[in-house]
Amino acid sequence: AFGEMLGGNGSLLELSLRWNSLGRKGGAALAEGLRTNYLLNRIDIAWNGLGDEGSRVVSDVLAENSALTHVDISHNRIHTEGALALAAGIEANKSLLHLELGFNPLGMTPSKPELRDLTGIEAIVKVLKEKDSLSQVGFTEVQEGANVTRGFATRFDPANPAGHYILDISRAWDLFLCEALWARMLKNHGESWANLTVDSAKVNLFGPDGEVVWTLPTRGVLEFDYVDWKLGLEVSFRLDLSRGADHAIASKLLKRAGATEGEACTSTRLNDLPYGLSHPDALPTSGVLKLVYVCTRAVSELTLDFELDLTIPLERETCLDLWKRELAAPMERWKSVHFRAEESG
């Protein structure tokens, strides 16, 4: 009954079900509702004992749902099989920005090292290496010794990695963080590892000419501060759909969010009511659409391309509306314009 209610709900944007003992059956019912809900952006199902079977259901939802941007499945007794299933769902998903997986064993058994099975967490790490759309991933208390004293190692935000790290690269998650942060530092001019030590011994990254001469070791505990500048973009829109330019902008934003990893439309409302994102081609021709466009990639501006035929009255009107926006909005501009006149005869 709950799954049916959720599937047909047209108003919820956020839902918290933590501490409800959903278990496997409750998780399955929830999943059925989420499969047909195109509005819900955030869901918290922590502390529900989903286990590996429930995790498989969550994985199917992640693979199919294009609206969810924030999911918390911490404290759910998820082991290796569940982690493997979640890795597949994360890989297939295109809308997710924030994922909390903390306080799940994921195959790590600190008290019995001989029983550890790292295939699940290694599968998740592999997906995260290939997928840069997630803006934050939480792995608190997954591996042995994980606690608040390990700093940013327990909660990694790929879009905002600045912070203090203590990483033991014999651990799968820590090695992933080292490799990801190292590759990012080499790629982005101006970002660096400061105050680096390996097994408490100070390390100098740079040679006399300022070039990086140090390479990642294969063992040891690394401690350092990652220094960067803030990346990513968040833009709020209020669009009058009765105006050609605003309607065109809304359509492009919704289509782009649905097709581009690391980008999403959140808090979307039409006439102050929650609005579904599943059919951007079916936008109404009137009403006020409000949304927040989020991009987690390293961009400093949001660019939309338009190709307009000025001989068509509606497209000419859209062009004029776009020009008025450029004149009236201090943060908007025409970046480049190309005019191609039709040859006569």
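Among the elements of the chain, which has the lowest mean pLDDT and which the highest?

A: Strand 6 (residues 155-156) has the lowest mean pLDDT, 64. Helix 4 (residues 80-92) has the highest, 94. pLDDT is the predictor's confidence in each residue, from 0 to 100. Helices (H or I, at least four residues) and strands (E, at least two) are DSSP runs, numbered from the N terminus.

This is a predicted model, with local features requiring pLDDT of at least 70 and side-chain atom pairs 80 or more, while totals for chains, interfaces and linings use all residues. Residues are numbered from 1 along each chain as its sequence is written, and side-chain values use heavy atoms, without hydrogens and water.

Start with the length of helix 4. Its 13 residues should span 18 Å at 1.5 Å a residue, and the end C-alpha atoms are 19 Å apart, which agrees. The expected span is 1.5 Å times one less than the number of residues.

Next, burial. T80, G82, A83, A85, L86, A87, G89 and I90 of helix 4 are buried. Buried means under 20% relative accessible area, exposed over 50%, partly exposed in between (1.4 Å probe, protein chains only). The cover over these buried residues includes helix 3 (51-64), strand 4 (98-100) and helix 5 (119-130). Across the chain, buried residues make up 45% of the 345.

Helix 3 also turns up elsewhere. Helix 2 (23-35) and helix 3 are the elements that give two or more residues to the lining of the largest cavity. Helix 2 gives the most, with four residues. On a 1 Å grid over the protein atoms alone, a cavity is a set of points where a 1.4 Å probe fits but cannot get out; lining residues have an atom within 4 Å of a point. Among the lining residues are L30, L34, V58 and V61.

Now the wider chain. The chain has eight helices and 14 strands.

Finally, confidence. The chain averages a pLDDT of 81, and 83% of the residues score at least 70. Over residues 143-149 the pLDDT is below 50; beyond near neighbours in sequence, this stretch has 15 contacts in the model. Where pLDDT is low, the predicted coordinates should not be read in detail.

Conventions
Contact = heavy atoms within 4.5 Å. 1 Å grid on protein atoms, 1.4 Å probe; cavity = no way out; pocket = protein on both sides within 12 Å on 5 of 7 lines; lining within 4 Å.
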